[in-house]
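Colleague: I have a model open on my screen and would like to learn how to read it. Could you take me through some features, one at a time?

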Amino acid sequence: MSKAKYIFVTGGVTSSLGKGIISASLGKLLQARGFRVTIQKFDPYINIDPGTLNPYEHGECYVTDDGAETDLDLGHYERFLDIKTSQDNNVTTGRIYNNVITKERRGDFLGKTVQVVPHITDEIKNNFYKLGETGDYDIVITEIGGCVGDIESLPFIEAVRQARFELGINNFVSIHLTLIPYLKAAGEQKTKPTQHSVKQLLEAGIQPDILVCRTEHTLTSEIRKKLALFCNVASNCVIEAQDAETIYDVPLLMRKEKLDERVLTKLKLSHKKEPQIDQWKEFLGRLKNPTDEVRIALVGKYVQLKDAYKSIAEAFVHAGAHNECRVELSWINSEELDGDNVVRLLKDKHGILVAPGFGERGWEGKLQAVKYAREDKIPFFGICLGLQCAVIEFARNVLNIPKANSTEMDPKTKAPVIDMMEAQKKVTKMGGTMRLGAYACELKKGSKAYSVYGHSKIMERHRHRYEFNNKYLEQFEEAGFLATGINPDTKLVEIMELKDHPWFVGSQFHPELKSTVMNPHPLFVRFVKAALAFKKDTYK
Ligand code: GLN
């Protein structure tokens, strides 16, 4: 049995209460006390992973170094704790069933009827314990997706109940996140939904040790007492989680409420040493006291749902704080952009980012945004599809190849400047088959990219099928659009930059996935700097 101690975080009443942020904040505090912490998420849906989900359904798909397509909460875990997560940190119902069915076909259960209990719950528990068993962690936090009471989460909740029994009470903490609504008409905070939600947990055999209560107002001491009494928890284990100005305040708010101490007491671990969170506080200081401001257009087709570009938005928060600069993101729907309105919509921006994406919708609008940034020398950053847009725009308007296209948008194009890799052409299945995860890239000395990173060997994460077609490389470089980052093994183009432009850089990889509070991504830091310089030059 694993030596790690386990914290399970469930949610009730409604979804979107911020279990991910609470888990990440608690993880941060425990880490800041010197514990080795990881966080994992168990999602009750049937997809094997969120890679095949539309961003509108589920927000961004977060990719880890090992190429796992995961839930966006893993992004929060990495950003808060500055740790690396992997496929083992995100498990869905689909994956659990897939594992069990594979074992069944192999004959592992010969003679037995395969059932939810014990086979599915055993598989869930094996996955609960997997990271803890590596010996790399003192504490493993497990977030259970969805709400208590959902049909889908039942096997997970049952597995948590069994885990408590197996691990022993000194190695197990159950935290339940819930909502305390405020009824304006009655002028009161209401505990009933929480009571019901805890009752559902109790029915499943789980007594929560700690309640974390999302609320718009301060919890009165009467409410705390009432919750404690009716939900069977110590009153000092009723934790207030009031709406915060930024998600990065939450670790400090949880510290104030002593969530970390309560957890450590339950786990019989020492909390004598105060958490070392000075650096975090410094970051917050810079974030909240900007000395300047820039406006950046984020051009994409999923802009109605901000979660679709979660990591990009957060990378700007980190890079902005680093530059003591507030970054105002102006979300521009690429489907609405055309040659007639592009100047009107983008003219007051200090930087233009063309976002990652898939499919043809909004493609031409993105090309218009690139053209404007290139010609008017506005700082430009293209990520993945954003780089591919920059390449096509350059081919059409500078290299004079009017038919230039990506084979993703026009499979029959005569000028496939962006094309599928040979290996990808054989792929027929959709799930988990893109170029995924961390790949090496070598930067050319003297390039902007090199100056940004300060060294030549980098590793960045990918999620795409199409690539720059190296047959056109010479033509591009002669005209001043340089490939300055190359994969040393495959020679695939990873970064391109325009020679005669203050800041026009595109990456085939996703730098946003590696930006954290403590290590803001250098490409974002420099892009914000370029936007600041542009603002000063333009409005001097
Ligand atoms: N659709 C493009 C590709 O598959 C870009 C993907 C992305 O932006 N993540 O190559």
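Colleague: Let's start with contacts. Which residues does Thr 93 touch, not counting residues up to four places away in sequence?

Modeller: Sequence neighbours are set aside here, and what remains for Thr 93 is Asp 43, Pro 44, Tyr 45, Ile 46 and Phe 156. Keep in mind that this is a predicted model. Thr 93 itself has its place in helix H4, which covers residues 93-106.

Colleague: Is Thr 93 buried or exposed?

Modeller: The idea is to compare the relative accessible area with a cut-off, and buried means under 20%. Thr 93 has a relative accessible area of 8%, so it is buried.

Colleague: Now helix packing. At what angle do the axes of H4 and helix H5 cross?

Modeller: You look at the two axes and the directions in which they run. For H4 and H5 (residues 116-130), the axes cross at roughly 115° and come within 10 Å. The crossing is right-handed.

Colleague: Which residues make that contact?

Modeller: From H4 come Ile 96, Tyr 97, Asn 99, Val 100 and Lys 103. H5 contributes Val 116, His 119, Ile 120, Glu 123, Ile 124, Asn 126 and Asn 127.

Colleague: Why does the pair of Phe 42 and Phe 128 tie together parts that are apart in sequence?

Modeller: Because Phe 42 lies in strand S2 (residues 37-43) and Phe 128 in helix H5, the pair links parts 86 residues apart in sequence. Both residues are buried. They also belong to a cluster linked by ring pairs, together with Tyr 6, Phe 8, Tyr 129, Phe 156 and Phe 172. Phe 156 is also among the contacts of Thr 93.

Colleague: Last topic: the largest nonpolar core. Which of its residues touch the most other members?

Modeller: Among its 46 residues, those are Ile 7, Ile 141, Ile 175, Ile 210, Val 212 and Leu 259. Helix H1 (residues 19-32) supplies the largest share, seven residues. Leaving aside neighbours within four places in sequence, the contacts of Ile 210 include Ile 175 and Leu 259. There is also a second, separate core of 44 residues, including Ala 395, Phe 468, Leu 498 and Phe 504.

How values were computed:
Residues numbered from 1 in each chain as written. Predicted model: local features only at pLDDT ≥ 70, side-chain atom pairs only at ≥ 80, totals over all residues. Heavy atoms only, no water. Helix = DSSP H or I, 4+ residues; strand = E, 2+ residues; numbered from the N terminus. Buried < 20%, exposed > 50% of the residue type's maximum accessible area, 1.4 Å probe, protein only. Contact = heavy atoms within 4.5 Å. Axes fitted to C-alpha atoms, helices over the stretch in contact; angles between N-to-C directions. Left-handed = near helix turned anticlockwise from the far one by under 90°. Core = buried A, V, L, I, M, F, W, Y, C linked by side-chain atoms within 4.5 Å. Phe/Tyr/Trp six-rings, centres within 6.5 Å; stacked < 30°, edge-to-face > 60°.
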